[in-house]
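Hi everyone, thanks for coming.

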Amino acid sequence: MSKQHLGHTARKRFGQNFLHDPYIIGKIVDAIGPKPGQNLVEIGPGLAALTEPVCDMVDKLTVVELDRDLAARLRSHPFLGPKLNVVEADAMRFDFTTLINDERPLRVFGNLPYNISTPLMFHLFEFAGQIQDMHFMLQKEVVERLAAGPGSKDYGKLSVMAQYHCQVIPVLSVPPGAFKPAPKVDSAVVRLVPYKNKPVEVADAGLLNQVCATAFNQRRKTIRNSLKSLLSEEEIQSVGLNPELRAENLSLSDYAALTNLAAKKGE
């Protein structure tokens with residue numbers, strides 16, 4: 001790590017916790033498995049804990065960094081600078097299709113700030129068709145929510161939407177001591193692999209999101225009550241579902257059936 005990186009103070013407003021444990025960093029880079037010629041994109045490179053070892057293995061890397069100071073340091077870094085395409089932008093608003101070239105799918109990775117991880121993943125799901133895989137360090141509870149199945153307290157809209165777009169593979173648990181400053185929570189690394197063919201057919205992914213949001217916003221209510229603005233009790237029964245069920249009892253294919261019914265109604 002070059003000395004010019006060491007003066008940066010973590011900024012609360014960016015949710016910055018910097019990774020510094022070499023063993024954990026090695027494990028994450030192994031999980032990503034970067035290779036020369038791939039279209040690699042790192043979100044929030046921070047102090048380059050992952051950027052440096054990845055750059056050792058590849059010839060080019062795009063990094064998306066919101067913090068002006070860090071972006072400037074990366075651009076002028078004597079070893080990394082020449083390999084980096086530094087995009088100074090908010091990843092939550094960034095159009096990732098601008099990074100597609102030569103039909104090479106994106107391989108996205110990052111140690112995501114806790115305060116933006118969930119909305120950022122929803123943003124990235126919009127580009128799932130152009131993404132080969134994603135590897136993210138997240139709060140452990142977010143990884144548990146991504147991977148949760150029906151009937152679990154962690155199961156919610158994020159679980160359904162992530163599992164519609166991607167295969168979700170938890171890779172590694174990471175203790176707080178691997179970061180500076182140490183966060184108050186455990187972290188974990190997850191691999192998300194977008195499906196070439198979705199596991200269920202849905203007429204409209206935006207509507208699936210809306211149906212899930214409507215159901216889980218009132219997760220204590222039965223779906224008869226939580227979904228009444230979208231579907232009647234009879235309509236819910238028509239796809240073989242008991243209107244007395246709650247949001248967390250429904251599988252991805254149940255949500256797909258309700259979404260396709262709501263889409264037909266809206267035609």
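Let me start with a question: is strand β5, residues 106-111, mostly covered or mostly open? Mostly covered: six of its six residues are buried. That holds for both faces, with Leu106, Val108 and Gly110 buried on one side, and Arg107, Phe109 and Asn111 buried on the other.

Please keep in mind that this is a predicted model. The protein chain has an average pLDDT of 91, and 94% of the residues reach at least 70. Residues 1-8 fall below 50, although this stretch has 24 contacts in the model beyond near neighbours in sequence. Residues 10-14 also stay under 50, with eleven contacts beyond four places in sequence. Where pLDDT is low, the predicted coordinates should not be read in detail.

Now, who sits beside β5? On one side there is strand β2, residues 39-43, which pairs with β5 in the parallel sense over four bridges. If you want a landmark there, Val41 stands opposite Val108 in β5. Strand β6, residues 131-139, also runs parallel to β5 and is joined to β5 by six bridges. Here the landmark is Asn111, which stands opposite Met137 in β6. To get from β5 to β6 the chain passes through α4, and this β-α-β crossover is right-handed.

Helix α4 covers residues 117-125, and Ser117 is part of it. Is Ser117 buried or exposed? Ser117 counts as buried, because its relative accessibility is 1%. Apart from neighbours within four places in sequence, Ser117 touches Leu112, Leu138 and Val142. Met92 is 25 residues away from Ser117 along the chain, and their C-alpha atoms are 9.3 Å apart.

Zooming out, we have an open sheet of seven strands, in the order β4-β3-β2-β5-β6-β9-β7, with mixed pairing. The edges are β4 (84-88) and β7 (166-174); each has a single partner strand, so one side of each is left without a neighbour in the sheet. On average, neighbouring strands are turned by 20° against each other, direction ignored.

Helix α3, residues 68-75, lies across β3 (61-65) and β4, and runs at about 160° to β4. Helix α6, residues 157-165, packs on the sheet and touches β7 and β9 (187-194), with its direction at about 115° to that of β7.

That's my tour, and I'm happy to take questions!

Key: Residues are numbered from 1 along each chain as its sequence is written. This is a predicted model: local features need pLDDT of at least 70, side-chain atom pairs count only at pLDDT 80 or more; totals for chains, interfaces and linings use all residues. Side-chain values use heavy atoms; hydrogens and water are left out. Helices (H or I, at least four residues) and strands (E, at least two) are DSSP runs, numbered from the N terminus. Buried means under 20% relative accessible area, exposed over 50%, partly exposed in between (1.4 Å probe, protein chains only). Contact means heavy atoms within 4.5 Å. Two strands pair if DSSP finds at least two bridges between them. A crossover is right-handed if, with the strands pointing away from the viewer, the path from the first strand over the helix to the second runs clockwise. pLDDT is the predictor's confidence in each residue, from 0 to 100. Axes are lines fitted to C-alpha atoms, for helices over the stretch in contact, and angles run from 0 to 180 degrees between N-to-C directions.
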